[in-house]
Amino acid sequence: MMPTPTTEVQLDHTLAALADPTRRAILQRLARGEARVTELAEPFAISLNAVSKHIRMLERARLVRRRKAGREHFLSFNPEPLDRAAAWIEEQRAFWNQQLDALDSLLREEDREASKNPTKKGRSS
């Protein structure tokens, strides 16, 4: 299945969001349940503004949902982009495993042919 440009952009956003340890830590915290932005910022030795930038990256990747209640902003984890990224990774793994298995079979067949004809030299360079 060939990804569409939209799904490729979303995958790019997801992988970029996951590339940072602070964002991964925020997601790990949100996996336990909804939290206010200020709660999420507490364990980090960075400014609230810096945490907000990380949260915006997570929102752009759709890994985080925001809910407002009065002046409070509550965030929750959305696993769907991770599921799509995991599916893409699994597709890549299956493709490359198939390619490597085919190469392995070809090389084994060449080795068998070479052992049948000992006068011929091994594989050519």
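1. The note opens at the hairpin of this predicted model. Ala69 has Glu72, a residue of strand 3, as its bridge partner. The two strands concerned, strand 2 (residues 64-69) and strand 3 (residues 72-77), run antiparallel and are joined by six bridges.

2. Two residues lie between strand 2 and strand 3 in this hairpin. Gly70 adopts a positive phi there, near 65 degrees.

3. As regards the overall architecture, the protein contains five helices and three strands. Read from the N terminus, their order is α-α-β-α-α-β-β-α. The radius of gyration is 24 Å, whereas the globule rule gives 14 Å for 125 residues; the value is well over that figure, so the protein is more spread out than a compact globule.

4. The dimensions of the C-alpha trace should be read alongside this point. Along the principal axes of the protein, the trace spans about 85 × 30 × 25 Å.

5. Concerning burial, 23% of the 125 residues count as buried. The accessible surface of the protein amounts to about 9200 Å², and carbon and sulfur atoms contribute 54% of that surface.

6. Among contacts with a separation of 6 or more, 52% are accounted for by residues 24 or more positions apart.

7. The protein carries 22 positive and 18 negative side chains. The centres of these two sets lie 6 Å apart.

Conventions:
Residues numbered from 1 in each chain as written. Predicted model: local features only at pLDDT ≥ 70, side-chain atom pairs only at ≥ 80, totals over all residues. Heavy atoms only, no water. Helix = DSSP H or I, 4+ residues; strand = E, 2+ residues; numbered from the N terminus. Rg over C-alpha atoms; globule rule 2.2 N^0.38 Å. Buried < 20%, exposed > 50% of the residue type's maximum accessible area, 1.4 Å probe, protein only. Contact = heavy atoms within 4.5 Å. Areas by Shrake-Rupley, 256 points an atom, 1.4 Å probe, with all protein chains shown as cover. Lys, Arg positive; Asp, Glu negative; His and termini not counted. Charge placed at Lys NZ, Arg CZ, Asp CG, Glu CD. Pairing = 2+ DSSP bridges.
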